[in-house]
Amino acid sequence: MKNIIEVKKLTKHYKDFKALDNLSFEVKEGEILGLLGPNGSGKSTTINCILSLLNFDKGSIKILGQEMTPDAYDIKSKIGVVFQDVAVFDELTVYENINYFCGLYVNDKKIRQQYISDAIDLVGLKEFERFYPKQLSGGLLRRLNIACGIAHKPSIIILDEPTVAVDPQSRNNILEGIKQLNKNGATIVYTTHYMEEVEILCDRIIILDKGKIVASGTSKELKELVSIEEKITVELESFNDKFLEELKGSKNIGEVIYNDNILFVTYKKGKHNLKDLIDFMQVNKIKYNKIFSELPTLNDVFLELTGKELRD
Amino acid sequence: MFWHIFINRLKILLRSKSAIFWTLVFPIILATLFNLAFSNLTSGEYFETIDLAVVNNDNFKVEENFKDLIQSLSEDSEEQLFNTQYVSLEKAKTLLQDDEISGYIIVNDKINVVIKNNGINQSTIKSVVDNYYQVVSVINNISKSNPEAIRNGVLEKLNESTSNFNDVSNENVDPIVVYFYTLIGMICLYGGTFGVNAVIETEANLSKKGARVSVSPVHKFKLLLASFLAAIVIHYSEVLILLGYLLFILKIDLGNQILPVLLLTFVGSLAGTSLGTLIGVSNKKSENMKMSILISVTMLFSFLAGMMVLQIKYIIANKIPVLANINPVNFITDGLYSLYYYNTLDRYFYNVIGLLVFTLVMFLISYIFIRRKKYDSL
């Protein structure tokens, strides 16, 4: 697959603050690349540099093999952008807003009408076509924001945290829409600090922190970077120090924490960890109410690599 | 593409309730209030005939010139100043006591004015008497120092100069229209509202919508040009509506040179838009703050052009002429004034050119900011 976007050694300062530190990555044709990181990690700055809105100190950005500049109109015509903040006109209806932004890319009125109709269907705003933005809920407004960014059927779509403060129904609609756009052939760059979204959506993930790439790869590859295999949480009726010490000595155990009748155990590797733990409790006649097991998440990856939570 | 942007900008501006209120509805309300206030003021300025008594004693009867003067000022005509009663001293005192007259005149060794209260009427009676003494004194001096001059017609010349003075004061001068000129000037500058709006919604570092259009494949200057054209069309239409309202509803006399008035207000509208552009692009304050700055600057310009106190305009013109020559409201006010009062268009064109220079300077400074294509921060 050819590279659609190539970012090399990108460095950007805001006065004394280093926002991007020698950032290099590529976006392959047809993939959904997730840029994952906490607020302030440099995701939006990276996007704005790629779009040639921001000056940067060092590095280069190529899109479709060409240097990206503010005057690269042929490249710009192939890009669709959905910014983090809703950017629509309160004075125009849903349909008129999409028409206005689509019209900046598509001259032909008939083709445009079809594109607008497709965009409205994609984000599920058919029944709100004649509504003004102020009449829409936050979630519907976000959908309109997306429709305005992608109505012209771009081959490269950049979405900067499009689901912030969105209700679950709209979030699902947005994520399904993005999958659909990708199926239709668009290459997508998706920034978020919601790890669940990148896990659902993205073929490849880049984890950013303090303007640097902490790790990159598929979700599976990233999870293999962490030293834990499984996390088990048990709600107990009682527990004592003897059992705690005995459990810590068991095989594959990473960490054991007991607090307020909740036992938290991590396993570094191995299979049947849950069965082994249940066996241990039965043998020792330890009563429990609830027990559940989790595989490591991208948050665990981030925690292990940076020492802090994704949402810190 | 250009027309797509232009048509949509027209829609956006026309539906922008707040902008339309401040640039059209508010000026119409203000014009109506001006009209109400000034029509009362104007009617208040009409001379009401002053009730006067003259003591008809022997001294008065022999003071022929003064008697003629009082009679002429009391004749029933448009210029009648006094409603005079010739009465005895006792009667004059009673009339004054009962407030039926503003004062009375009694001629003894000299001409005395007797009043009960101070006021405009009393001052007018006093100044008529003072003027009479002044003229008498001038004639006496001339007759003593140069009696030949009297034979050579100095008195006729004195009369002529008095006539000239009367001619000027009787011209159809209405100082009230100047207030409406400053209102028109202020409204032209309110075009800045649309200038602020156009530039904010085009610049990536000033708004989210600006960022969105900046990533589109449309040249920035095409976007700006279409936005400005829409702004000018909407704003100038509003100016035309206001002019129509002043002319046909409020019956404000703007003179009979309507085409130059239209040109001047069009250039004024451009100047307003250019001012708004500079205020919009030159800083990263919020849109509300920019609008507040624009309104404040416009009000300041209007004040200096005499909107609140007419004398300010003349004080600025005399004491700080530089300020008058950079004030776009003053250019508009003065341009309208010159169309109304002068037969030549020299002063009018001076003001039109002044406005054009102002517009050009505003756009040139704005260009320094607008020409940036990438920003250090958004």
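At the start of H17(B), which residue has a side-chain oxygen that reaches to within 3.0 Å of the backbone nitrogen of Val329(B)? That residue is Asn327(B). Helices here are DSSP runs of H or I with at least four residues, numbered from the N terminus.

This is a predicted model, in which local features need pLDDT of at least 70 and side-chain atom pairs count only at pLDDT 80 or more, while totals for chains, interfaces and linings use all residues. Residues are numbered from 1 along each chain, chains are lettered from A in the order in which they are written, and side-chain values use heavy atoms, without hydrogens and water.

Helix H17 of chain B covers residues 328–341. Its end C-alpha atoms are 20 Å apart, which agrees with the 20 Å that 14 residues should span at 1.5 Å a residue, the expected span being 1.5 Å times one less than the number of residues. Because 13 of the 14 residues are buried, H17(B) is largely enclosed by the rest of the structure; buried means under 20% relative accessible area with a 1.4 Å probe, protein chains only.

The contact (heavy atoms within 4.5 Å) between the chains takes 30 residues from chain B and 38 residues from chain A. The buried area, which is the accessible area (1.4 Å probe) lost on putting two parts together, summed over both, is about 3200 Å², with 60% from carbon and sulfur atoms. On the chain B side, Arg212(B), Val215(B) and Lys374(B) lose the most area to chain A, together 25% of what that side buries.

Three salt bridges cross this interface, a salt bridge being a side-chain nitrogen of Lys or Arg within 4 Å of a carboxyl oxygen of Asp or Glu. Glu96(A) forms a salt bridge with Lys11(B), with the closest N and O atoms 3.6 Å apart.

Terms used: Helices (H or I, at least four residues) and strands (E, at least two) are DSSP runs, numbered from the N terminus. Buried means under 20% relative accessible area, exposed over 50%, partly exposed in between (1.4 Å probe, protein chains only). A polar contact is a pair of N or O atoms within 3.5 Å; within protein, one must be able to donate a hydrogen and the other to accept it, and residues adjacent in sequence count only if both atoms are side-chain atoms.
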